[in-house]
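Here is a quick tour for anyone meeting this structure for the first time. Have a look at the picture, then read on.

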There are 2 protein chains.
Amino acid sequence: MASGVVKLLRDEAERLARQAGRPLRLVQVASRTPKPGIDLAGAAFSTDLEALRQAEVDVVVELIGVEEPALKLVGDALRQGRHVVTANKAIIARHGNELLPQARRSGVALGFEAAVAGGIPVLGALRSGLVANRVDTLAGIINGTSNYILTAMGEERASFAEALAKAQELGFAEADPTFDIEGIDAAHKLTILAALAFDTPFRFSGVYAEGISHITGEDLEYAKELGYRIKHLAIARRTAAGCETRVHPTLVVRNSLLAGVDGVMNAVWIEGDATGPTFYYGPGAGALPTASAVVADLVAIARGDALDWRVGAEDQAALPIEKIHSAFYLRIPSLDAPGVFAEVATILGQYGISIEAAIQREAAVREGAGSAAWVPIVIVTAPVAEAAIDSALDLVQKMPKVVGRITRIRVAHFADE
Amino acid sequence: MASGVVKLLRDEAERLARQAGRPLRLVQVASRTPKPGIDLAGAAFSTDLEALRQAEVDVVVELIGVEEPALKLVGDALRQGRHVVTANKAIIARHGNELLPQARRSGVALGFEAAVAGGIPVLGALRSGLVANRVDTLAGIINGTSNYILTAMGEERASFAEALAKAQELGFAEADPTFDIEGIDAAHKLTILAALAFDTPFRFSGVYAEGISHITGEDLEYAKELGYRIKHLAIARRTAAGCETRVHPTLVVRNSLLAGVDGVMNAVWIEGDATGPTFYYGPGAGALPTASAVVADLVAIARGDALDWRVGAEDQAALPIEKIHSAFYLRIPSLDAPGVFAEVATILGQYGISIEAAIQREAAVREGAGSAAWVPIVIVTAPVAEAAIDSALDLVQKMPKVVGRITRIRVAHFADE
C-alpha cells in the first residue's frame, strides 16, 4: 500500500498537482525496514518513526496497519497540528471517538477513506453525497479474503481449507488469516460504516462477528438450490429497538447485486430514506486501490475541501445479537428414518418458527455412510428472534435421530431482489 | 424535485442542522405557478423570480429544469456572490465552462451533484474519491426513461410504442419524450461525467447521441440469445487518438453489472488506473432521490466542505463518431435463399470485418410473410472502425436479397464480464 502511494505521488505528480491546485511533495518516509528498491522521488528515508515527527511536513500519512505504533503516531501528529491520512481501520474503529475530536480541536483534517473498501469512495458517499438521508439499512462485502474463499469454494468446489490455502498462495490471505476469516477486519470496517450511516459514535465492541470456517461446499450447494448464494456480509440496520451491527456468513438471493460480487471485490449496499437503494462496488484491497483512496484524501486536504468529520451525535442503543430477528438456513444431519422431518417441524412450530422452504434428499442421492443411512434436512425459516432459534435448535440437536452438529446461517433480503 | 427539497428541509430540519453544523433555513420560494398545497415551513412565496434576487439568502437553489430562465438566475446569483445549487444538467453541460470560473471568481460554491444520476453521488466520487486516478473508461445508464422502456420491452415483450405509452402513464416519461429517448438528456449528463473523468472542459457539442426508438423486441430476443442485453449506454473512453463521448443503444454481456440495471434505476461504471473498476448504482430520478443530492450540496456548503470545482485543464480532442471502433450487432432482413449469408460475409470480409457470432433461423421458425419467405441474418462482428462498417453495410443494404432496413447496434465490453 505504501509503495502504491509513493508510486502515485511520483508518477502522477503533474496531474495530481493540477487537481490539488499545488504540488504534493513527498518529504520524509519512515519504515521499520529499509526499502532500497523503491524510488522515493527525492524524499528522505529513515527506519525511525521519530524522523516523521521531526520533519517539516503538512500531512502525515500513516500506513503501518497494526494498532501500535500507528495510534501514537496519528495522535501525536494531530496534537502537533498536522493533517493526517490513514488507512488504519482498527484505530478509527477503536479510537475514532477520541481521534476525530482531536483533529477538530487542532483544526486539521483526518482522512480515512482508505480504511474501508479500498478503492470505493464509500465513506465520502455516506458523509457527503448521502448526508441528507436517514440510512436504515447498510450491508457490505468488505473483506476480500473471505469473499475470495467463499467464491473459490463455490466455483471450484474446494473445501474451506483448500480455498484458504489457495488464497494464501495468491497473496489474498495472510499467513495468520484469523482477522479476515473470523470477521474482525470486517467488524472494524462495519464500525466505521455504521457510525457514519447512523450518525452515532464508533462502537466496535457492539459488533457481532462470526467467521466462515464452518461453511461447507454442501451448504453452498444447498443455498444455490434454494436460490441463494452465501456471502460473508457485514450488516448494519436501524430498527425501533436499536442499531444492529453484525458480520456473519449470510444467504442472499442469487440475483441480487450483493450476490454477484465475487473474488476479492468489495461492495456496499446503502438504503437511504430519500435516495432509496444505492450500491457501490470496486476493489477492496491491493496497493493501488488503497493508494487511490489515500491520495484522494491528500488532494482534498491540499485543495481545502477535505470532509469535515465529527463523532456522530445520535445515541441509539447497539442491539446485542440475541435481540436480532433473522430468517435462518438450517442444515440438520439426521438419520434417514420416517418422521424425522415432522419431528423437527413440530419443535420449530412450538417456538413459532415457520418453514419457508425445505430440501430433503431422496434415498437415491443420499450422502455419507456409516452404520445407518443419513441425510441432511435443509430448511429455510421465516424471520425469527435469535433467542427462539437458539432454544428450538437446542431441542432439535438433542433428538436421537439428529446425528451431527446442526449448521445455521442467517438469511438477509434487500430491496433489489 | 422542488417539493422533495422542501420536504427534506422541513421534515429533517433537526438532523440536517446537526450534519451541517447550523440550521438550513428556507427563506424564499419562487415558482411560476402558486403552490398552495405545499407547507413551505414559513418561507415567503412569490411567482416572480425577482423575489429570489431580492431576498437575503446565502444560497440560491435552482430547480427550474429548462435552460432559461435558469441560466440567467444562476449566473446572476453567482455574480451577486451567492452560492448556487442546481440540478440543471443542460446549463452545466452547455455553460459550465463559464459558470464554474464565475463561481470561482466570486469565491462561492456551485453544487450540481443532482444534475447527474439523481441519488447516486457519482460526481463527488469522480471529483474527490477517484481524483488520484486517470480514468480511461466510464459507462452509464443515466436516463431512467429509456432504461425503463428497454426493460419493459424485454420483460413484457412490449413494442417500443407500447413501452413508451406505459412509461408515460406511470410518469416515467414526459408527454414529449424526445429528450430522453433520443439521448439528449443522457448526452448532457455524459458531458458532465466526461469532463470530470478526463479533466477536460465541458464539451456537449462533441457528444454523439443516438436514440432507442428503432430497437425492436426482435433485437432484444436475438441479443439475449447471443448472451447480451441491450441498454441505452452513455460511454466515455479515452484513447490515444482522443476522447470518445457517445450515447447509443448498446449490447452488453448479460452477466455484467450494467446489464443488470433495470427499470428506472441508473448506474455508472468507472475504471480508474489505480482503483480499477468501480460501479455506482441507485435511483436516477424522482423527487426525493434528486432532493437528496440537492440537500447534500446545501449541507456541504453550510459545513464548509463543498467540492472545489474547476474547469478541466486537459485538452485532449473529442473524437467524432466516425473515428470510433466498436463491435456491432447487425440484423439483416433477407430472402431465405441459398448463399445470402455467404454473400454478406464476403462483403464484410472485404472491409476486414470478422464475424464473431451469428444466428440464422431455420425455415421452421421463419417469421413475417409476403410474396417470398424471408429470415433475418443476425451477426455480431469483431471491433471495427465506424467508417468500415458504414461502407460495408452500404453494399449489403443494396444486395437484391436484402429486403429491409439493416439494424445495427454497437457492442461494448467491460472488465467485469
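Two strands count as paired if DSSP finds at least two bridges between them. Helices (H or I, at least four residues) and strands (E, at least two) are DSSP runs, numbered from the N terminus. What you're looking at is a predicted model, where local features need pLDDT of at least 70, side-chain atom pairs count only at pLDDT 80 or more, and totals for chains, interfaces and linings use all residues. Residues are numbered from 1 along each chain as its sequence is written, chains are lettered from A and ligands numbered from 1 in the order in which they are written, and side-chain values use heavy atoms, with hydrogens and water left out.

**The three-stranded sheet in chain B**
- Chain B has an open sheet of three strands, in the order β3-β4-β5 with parallel pairing.
- At the edges stand β3 (59-62) and β5 (110-111) of chain B, each with a single partner strand, so one side of each has no neighbour in the sheet.
- Two bridges link β4 (residues 83-86) of chain B with β5(B), in the parallel sense, and B:Val84 sits opposite B:Leu110 in β5(B).
- Helix α4 (residues 70-79) of chain B lies across β3, β4 and β5 of chain B, running at about 170° to β3(B). Such angles run from 0 to 180 degrees between N-to-C directions, and axes are lines fitted to C-alpha atoms, for helices over the stretch in contact.

**The three-stranded sheet in chain A**
- In chain A, too, there's an open sheet of three strands with parallel pairing, ordered β3-β4-β5.
- Its edge strands are β3 (59-62) and β5 (110-111) of chain A, each pairing on one side only.
- β4 (residues 83-86) of chain A pairs with β5(A) in the parallel sense over two bridges, and A:Val84 has A:Leu110 as its bridge partner.
- Helix α12 (residues 287-303) of chain A packs on this sheet and touches β3, β4 and β5 of chain A, its direction making about 160° with that of β4(A). Contact here means heavy atoms within 4.5 Å.

**Two helices side by side in chain B**
- Helices α2 (residues 13-20) and α12 (residues 287-303) of chain B pack at about 45°, with axes 8 Å apart.
- That makes α2(B) and α12(B) oblique to each other; under 35 degrees would be roughly parallel, over 145 roughly antiparallel, 65 to 115 roughly perpendicular, and the rest is oblique.
- B:Leu16, B:Gln19 and B:Ala20 in α2(B) meet B:Val295, B:Val299, B:Ala302 and B:Arg303 in α12(B).

**What's tucked away**
- Buried means under 20% relative accessible area, exposed over 50%, and partly exposed in between (1.4 Å probe, protein chains only).
- In helix α6 (residues 122-129) of chain A, seven of the eight residues are buried, among them A:Leu123, A:Leu126 and A:Arg127.
- The buried residues of α6(A) pack against β6 (135-141), α10 (184-198), β10 (265-272) and β11 (276-283) of chain A, together with α2 and α12 of chain B.
- Strand β8 (residues 228-239) of chain B has 10 of its 12 residues buried, so the rest of the structure largely encloses it.

**The partners of β8(B)**
- β6 (residues 135-141) of chain B runs antiparallel to β8(B), joined by four bridges, with B:Thr137 partnering B:Arg237.
- β9 (residues 242-253) of chain B also runs antiparallel to β8(B), over 12 bridges, and B:Ala234 stands opposite B:Val247.
- β8(B) and β9(B) form a hairpin with two residues between them.
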